[in-house]
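Here is a short briefing on side-chain contacts and local strand geometry. Keep the structure open while you read.

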Amino acid sequence: MNPVALAPDIYRISANIGSRDLFEGIWPIPNGVSLNSYLVKGRDKTALIDLVKDWEGAADTVSRQLKTLGIGIQEIDYLILNHMEPDHTGWLQQMKQQNPRMQILCTKKAVPLVEAFYGITDSVRAVAGGEQLDLGGKQLQFFDAPNIHWPETMVTYEASTGILFSCDAFGSFGQVHEAVFDDQLSELEHKFFEEETLRYYANIVSSFSRFVERAIDSLSSLNISMIAPSHGVIWRKNPGKIVADYQRLASYMQGPAEAEVTVVWSSMYGNTEAMVDAVTSGVEAAGVPVHIHRVPQDHVSFVLASAWRSSGIIAGMPTYEYKMFPPMYAVLDVLERSRVMNRRAFRFGSYGWSGGAQKQFDEFTASMKWKCQDPVEFQGAPSKEDRDRAFSQARTLAEEILAWKESVKS
Ligand code: FEO
């Protein structure tokens with residue numbers, strides 16, 4: 001991989017990470033992820049915006065790419081840390097050892113994190129929101145972007161070119177190869193990155209959707225010609241598309257999301273499973289797309305992406321020791337953390353000698369502001385009447401979602 005010019009003297013320095021590890025130690029990345037840094041060379045000073053973790057040789061890749069541009073690590077005057085999460089800072093200590101004079105610029109909230117993560121206190125300077133840094137012909141300006149994705153996060157804007165270096169904001173999973181800019185992507189590649197953006201957003205950013213909306217509002221006065229995130233492709237032809245995509249994804253927290261239903265289920269001995277066909281057929285009978293996930297077989301990362309895009313969620317699980325079946329409890333815990341709020345829903349499932357799952361499910365759905373239909377609960381195996389009721393409720397839920405979406409349009 002080689003450096004890519006965004007504008008004269010502004011380059012993307014990037015490494016692709018493969019599918020071997022989990023992102024943040026939790027999220028699968030079957031299509032990998034890219035870590036992007038950006039070099040901005042002014043007449044007088046040189047800045048590197050965001051760094052990488054030394055992950056699958058990423059640090060060597062960055063050093064090599066800088067070298068091809070004739071820049072040694074020692075020649076970086078400023079390291080701009082938009083965000084402290086170690087995927088963008090993990091190599092900081094080693095870089096600082098190679099270049100002790102380099103100034104690290106970050107927000108006030110990031111300063112103690114630089115020390116806490118890397119023991120660095122020397123030449124670390126907090127920049128204020130709106131502050132500018134003149135590199136000579138290139139003018140960087142910093143804007144707070146709290147909680148996209150940590151409280152200390154900021155974005156950096158280069159005024160002469162209108163490039164916004166947005167770090168996690170407007171990013172996606174998925175390796176980036178020859179097609180680096182949005183206008184170089186085929187239709188298929190656009191679809192690929194739309195899916196990778198959805199799952200990245202749901203997994204990493206969704207909890208902070210209110211902050212995404214605020215940041216988009218607060219940056220709207222900037223004349224942005226290009227969005228250069230630290231994961232994923234660069235938006236130069238149509239930066240408005242990724243902004244609109246993020247706006248739409250953020251709006252899913254309040255609902256409605258898409259007119260789609262996620263059926264997520266888990267079964268001990270096949271009795272809860274015996275209802276899945278009836279439920280999914282009910283949704284399909286209303287002409288609504290349905291995403292089906294069995295847990296724990298499916299990773300919660302993919303369940304969360306489906307749930308984030310769906311206005312309806314149907315949860316299938318038996319009672320287990322008077323409570324929700326643990327694999328489903330684990331999924332619902334992640335949906336709660338990720339703020340999958342305001343959905344239409346119901347639960348179906350079997351119980352043996354005693355119920356109990358529904359009581360716990362009701363507490364969860366109340367806290368998440370889910371509007372629920374009655375459960376379809378049965379002792380032992382489901383009867384034909386149970387299956388008919390599940391079909392009918394699923395169809396009703398799907399129809400409600402269509403009406404909900406329609407009401408928002410009008
Ligand atoms: Fe890509 Fe929140 O780090």
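Helices here are DSSP runs of H or I with at least four residues, numbered from the N terminus. Lys409 and Glu406 lie three residues apart in helix 12 (residues 384-409), so about one helical turn separates them. The model is predicted. A search of the whole structure finds 14 aromatic pairs, and the salt-bridge count comes to 18.

- The side chains of Lys409 and Glu406 meet in a salt bridge, at 3.7 Å from N to O.
- Lys409 is exposed, with a relative accessible area of 65%.
- Glu406 is partly exposed, at 47%.

**Salt-bridge network**

- Lys191, Glu194, Lys241, Asp245 and Arg248 are linked in a network of salt bridges.
- Glu194 and Lys241 form a salt bridge at 3.1 Å, N to O. This pair links distant parts of the chain: Glu194 is in helix 5 and Lys241 in helix 7 (residues 239-251), 47 residues apart.
- Glu194 has 31% relative accessibility and counts as partly exposed. Lys241 is also partly exposed, with a relative accessible area of 22%.
- Asp245 forms a salt bridge with Arg248, and their closest N and O atoms are 3.2 Å apart. Both sit in helix 7, three residues apart, so about one helical turn separates them.
- Is Asp245 buried or exposed? At 11% relative accessibility, Asp245 counts as buried. The cut-off for buried is under 20%.
- Arg248 counts as partly exposed, at 35% relative accessibility.

**Aromatic pairs and cluster**

- Phe173 and Tyr200 form an edge-to-face pair: 5.3 Å centre to centre, with 90 degrees between the planes.
- Phe173 lies in the loop between strand 13 (163-167) and helix 5 (187-205), while Tyr200 lies in helix 5, so the pair ties together parts that are 27 residues apart in sequence.
- Phe173 and Tyr200 are both buried.
- The ring centres of Tyr322 and Trp353 are 6.2 Å apart and their planes stand at 90 degrees, so this pair is edge-to-face.
- Tyr322 is in the loop between strand 18 (319-320) and strand 19 (323-324), and Trp353 is in the loop between strand 20 (344-351) and helix 11 (357-367), so the pair ties together parts that are 31 residues apart in sequence.
- Tyr322 and Trp353 are both exposed.
- Phe23, Trp55, Phe173 and Tyr200 form one aromatic cluster.

**Charges over rings**

- Lys53 lies over the face of Trp55, at 4.6 Å from the ring centre. Trp55 belongs to the aromatic cluster.
- Arg344 lies over the face of Trp404, at 3.9 Å from the ring centre.

**Surface patch**

- Which residues form a nonpolar patch on the surface? They are Met268, Tyr269 and Tyr320, with about 350 Å² of accessible area together.
- Tyr269 is in the loop between strand 15 (258-265) and helix 8 (276-285). Tyr269 counts as exposed, at 73% relative accessibility.

- Strand 1 (residues 4-7) and strand 2 (residues 10-17) pair in the antiparallel sense, over three bridges.
- Val4 has Arg12 in strand 2 as its bridge partner.
- The two strands form a hairpin with two residues between them. Asp9, in the turn, has a positive phi of about 70 degrees.

Notes:
Residues are numbered from 1 along each chain as its sequence is written. This is a predicted model: local features need pLDDT of at least 70, side-chain atom pairs count only at pLDDT 80 or more; totals for chains, interfaces and linings use all residues. Side-chain values use heavy atoms; hydrogens and water are left out. Two strands pair if DSSP finds at least two bridges between them. Rings of Phe, Tyr and Trp (its six-membered ring) pair if their centres lie within 6.5 Å; planes under 30 degrees apart count as stacked, over 60 as edge-to-face and the rest as tilted. Buried means under 20% relative accessible area, exposed over 50%, partly exposed in between (1.4 Å probe, protein chains only). A charge sits over a ring if NZ of Lys or CZ of Arg is within 6 Å of the ring centre and within 35 degrees of the ring normal. Patches are made of residues with over 30% relative accessible area and no salt bridge: like charges are joined within 9 Å, nonpolar side chains (Val, Leu, Ile, Met, Phe, Trp, Tyr) within 5 Å. Accessible areas come from the Shrake-Rupley method with a 1.4 Å probe; for residues, only the protein chains shown count as cover. A salt bridge is a side-chain nitrogen of Lys or Arg within 4 Å of a carboxyl oxygen of Asp or Glu.
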